[in-house]
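Dear colleague,

Please find below the structure that I promised to hand over.

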Amino acid sequence: MQIYLPIAELPVSIFLILGMSAAVGFISGLFGVGGGFLMTPLLVFLGIPAAVAVATGTAQITASSTTGVLTYWRRKALDVRLGGILVAGGLMGTFLGVWFFNSMRRAGYFELVLNLSYVTLLGTVGGLMLIESLKATFMPSRPRTARPSRTDGRWWFETLPWQMKFAQSQMAISIIPLLALGVFIGFAGSVLGIGGGFIVVPALIYFFRVPTAVVVGTSLFQILFTMAAATILHAITNQSVDIVLALILIIGSVVGAQIGARAGQNIKGEHFRLLLAVLVFGVAVRFAFEIGLKPAELFSLAPMEQRP
Amino acid sequence: MIRCFILMLSMLGVAGGTAHAERLITSISSSRVLITSSYSGAELVLFGAIERDGSSISRSGTYDIVVTVKGPAGPMIIREKSRQGPIWANSDQMKYADLPGYLAILTSRAISEVTSPQLRERFQIGLMENVVARGLNPAYTPARQMVFHEALVRLKVEARLFQQLERGVVFLAPNLFRAAITLPATAPLGNYEAVATLYADGAPLATEKSDFEVVKTGFEARTAAAAFGRPFLYGLSTVLLALAFGWLANYVFRRD
């Protein structure tokens with residue numbers, strides 16, 4: 001069954017999009033990630049204009065992070081204060097990101113930027129995760145590299161001015177690096193149509209030593225607000241948010257995520273991280289091929305946008 | 001010399017409209033193509049009759065019809081990727097002024113049999129003729145420009161947004177014809193113009209315009225109007241929708 005998308009201005013098969021978003025939702029539920037890094041490229045692959053895919057993807061991530069935030073909120077596994085600081089940075093990053101997105105689009109470099117960012121970001125994170133989980137899977141006896149404990153020397157950036165106490169995370173730290181992390185995630189998220197959970201979670205654990213119990217909830221909290229802001233900003237500045245497409249993506253991914261979350265309960269922790277690492281790294285490799293190999297079609301056509 | 005004279009005369013005919021006795025009467029099957037949620041392209045039919053009166057000279061050859069359908073035009077840019085270090089990225093580009101978003105050239109015979117290359121270039125009968133006339137980058141050599149022209153036509157033809165059909169116009173009777181206009185789902189929205197021109201012995205005799213428009217309707221129209229007219233409210237509603245569904249999912253699938 002075909003349905004015409006009013007903003008993307010093309011008909012799509014409703015079942016194809018539903019199935020695809022359910023599959024992405026399944027993976028995101030399975031691994032506890034947002035899945036934006038799969039959704040955006042798949043939408044582009046199906047012929048949705050890249051700008052619409054990114055802008056609409058932010059709406060879908062808003063929905064899926066809402067579900068997560070509510071769950072963690074009930075379990076009190078969420079540091080609102082820490083999340084609030086990240087959101088403040090995230091909003092700044094989102095403004096910068098949407099501005100960057102619009103100017104790259106005008107200049108015709110948007111697709112290249114999208115591809116390059118996917119390669120570097122997913123390649124780095126996926127590669128690190130892969131190394132880490134391969135070590136954990138094949139050398140389980142080897143003691144893990146000791147993380148600096150709470151009493152050890154602190155990172156240089158933790159002692160910067162503007163210290164703040166975070167009771168729930170049991171830490172006191174300068175808000176400058178937290179804001180910087182928020183800005184980075186907000187920027188990357190609004191440009192690439194991803195939530196950025198796969199960056200926030202490890203960053204909070206390794207750099208800020210936030211207790212694992214509150215990390216995921218806090219990360220989702222930050223993603224929820226940044227992505228909601230990104231959706232509105234994309235809608236205002238480039239009119240690329242397709243509400244019909246968003247609705248299909250949301251329904252598909254929400255259902256898929258629930259099935260995924262149930263399936264995920266039976267997988268062993270190390271295998272779990274290895275699978276996720278392979279997935280993230282695989283997407284990076286695919287994008288590397290996309291920009292590294294000679295494309296089948298060298299020419300691309302676009303309407304020339306005049307600056308107002 | 002005589003041929004040239006006839007040609008000039010026939011052009012006056014096109015301009016004046018009354019110098020020749022032949023007249024074209026056309027009618028299009030629909031003046032509005034409505035985009036609904038199940039829209040997947042459209043087909044329109046243009047019917048036409050050739051009217052002759054007593055003063056029409058009897059002709060040895062047959063009549064030919066060329067129907068040119070043009071969609072809303074806008075400036076376009078085509079970019080070429082080339083290897084830059086380890087990656088392939090857009091480098092050279094060429095701009096076009098007011099290129100029709102949709103262009104169909106429908107003829108009753110092969111275009112080369114209908115009229116001469118000079119006239120085709122002059123009246124932009126043909127896809128390439130339309131593209132060449134709108135190129136905006138004189139800095140490139142003609143050969144280099146041609147590379148862009150050809151790529152542009154190829155991309156547009158692949159998307160079915162440019163069509164050139166040699167049997168696109170069918171004569172039902174010696175003086176009666178029909179032309180089928182196929183719009184793909186991605187054809188741009190806006191005003192279209194279908195121009196039918198009557199040719200005999202390679203010269204244009206009469207021409208007739210008809211218009212139609214492609215518009216969103218109902219929900220699609222309201223959604224697009226909201227997205228462009230009230231972007232903040234539209235964005236906010238999308239976010240509220242997302243929040244509502246997120247909350248609903250949490251409520252429905254709640255496990256603790």
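How many helices and strands does chain A have? Chain A has 10 helices and 5 strands, where helices (H or I, at least four residues) and strands (E, at least two) are DSSP runs numbered from the N terminus. Its radius of gyration, taken over C-alpha atoms, is 20 Å, close to the 19 Å that the globule rule (2.2 Å times the number of residues to the power 0.38) gives for 308 residues, so chain A is as compact as a globular protein of that length.

Please keep in mind that this is a predicted model, in which local features need pLDDT of at least 70 and side-chain atom pairs count only at pLDDT 80 or more, while totals for chains, interfaces and linings use all residues. Residues are numbered from 1 along each chain as its sequence is written, and chains are lettered from A and ligands numbered from 1 in the order in which they are written.

Along the principal axes, the C-alpha atoms of chain A fill a box of roughly 60 × 45 × 40 Å. Of the 308 residues in chain A, 48% are buried, meaning that 20 or more other C-beta atoms, placed from the backbone, lie within 10 Å of the residue's own.

In chain B there is an open sheet of 4 strands, in the order S1-S3-S10-S9 and with antiparallel pairing, where two strands pair if DSSP finds at least two bridges between them. Strand S1 (23-28) and strand S9 (169-173) of chain B are the edge strands, each pairing on one side only. S9(B) is joined by 4 bridges to the antiparallel strand S10 (residues 176-183) of chain B, and B:Val169 stands opposite B:Ala179 in S10(B).

Best wishes

Key:
A residue is buried if 20 or more other C-beta atoms lie within 10 Å of its own, exposed if 12 or fewer, and partly exposed in between; C-beta atoms are placed from the backbone.
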